[in-house]
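Please read them with the model open.

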Amino acid sequence: MTDILRYDPDAQPLSEVRDVLDLIGEAWSTRATWVSVPADRLPGGFFTLSNGVAGEITQKFAQYGIGLAIVGDVSGHAATSSSVRDWIYECNRGRQLWFVRDDEELTTRHTALG
């Protein structure tokens, strides 16, 4: 059993809902409880909250009870939008969606869940 399924940082970026569902299916097949996705593998527009891309993706993970960790530097997105900055802050307080700097931070947070 794998607790965290790590999306290959060299893989194609996720570009449609079908890609996300395939990733969720892979997580189910390995019994992963979390999926980590490098920030640069997210679909274009993910950090434009008004377009609904982030909501659609995170909703799919929530529906299947799998946590989603966005790994990498997202400070540029947070710096250009107070809404994105607030969203990242709130997500990081929860147990469904995290924004982490690197795999080490993800592992530490995941381990703390117990």
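1. Start with Trp87 and Phe99: both are buried. Keep in mind throughout that this is a predicted model.

2. A search of the whole structure gives 5 aromatic pairs. One of them is stacked: the ring centres of Trp34 and Trp98 lie 4.0 Å apart, with the planes at 25°. Trp34 belongs to strand E2 (residues 34-38) and Trp98 to strand E4 (residues 97-100), so this pair ties together parts that are 64 residues apart in sequence. Trp34 is buried, at 4% relative accessible area. Trp98 is buried too, at 1%.

3. Trp87 and Phe99 make an edge-to-face pair. Their centres are 5.2 Å apart, and 70° separates the planes. Trp87 sits in helix H4 (residues 82-92) and Phe99 in strand E4, so the pair ties together parts that are 12 residues apart in sequence. Trp87 and Phe99 also share one aromatic cluster with Phe46 and Phe47.

4. Trp98 has a charged neighbour as well. Arg109 lies over the face of the Trp98 ring, at 4.2 Å from the ring centre.

5. Now the charged pairs. How many salt bridges does the structure hold? The count is 5. Among them is Arg41 with Asp40, where the closest N and O atoms are 3.5 Å apart. Arg41 is buried, with 16% relative accessible area. Asp40 is exposed, at 53%.

6. Glu105 and Arg101 form another salt bridge, with 3.4 Å between the closest N and O atoms. Is Glu105 buried or exposed? Glu105 is buried, at 18% relative accessibility. Arg101 is exposed, at 63%.

7. Glu90 bridges to Arg93, with the closest N and O atoms 3.6 Å apart. Glu90 is partly exposed, at 44% relative accessibility. Arg93 is exposed, at 56%.

8. Last, the surface. Which residues form a nonpolar patch there? They are Leu21, Trp28 and Tyr64, with about 320 Å² of accessible area together. Trp28 lies in helix H1 (residues 17-30). Trp28 is exposed, with a relative accessible area of 52%.

Technical notes
Residues numbered from 1 in each chain as written. Predicted model: local features only at pLDDT ≥ 70, side-chain atom pairs only at ≥ 80, totals over all residues. Heavy atoms only, no water. Salt bridge = Lys/Arg side-chain N within 4 Å of Asp/Glu carboxyl O. Buried < 20%, exposed > 50% of the residue type's maximum accessible area, 1.4 Å probe, protein only. Patch = residues over 30% accessible without salt bridge, like charges linked within 9 Å, V, L, I, M, F, W, Y side chains within 5 Å. Areas by Shrake-Rupley, 256 points an atom, 1.4 Å probe, with all protein chains shown as cover. Helix = DSSP H or I, 4+ residues; strand = E, 2+ residues; numbered from the N terminus. Phe/Tyr/Trp six-rings, centres within 6.5 Å; stacked < 30°, edge-to-face > 60°. Lys NZ or Arg CZ within 6 Å of the ring centre and 35° of its normal.
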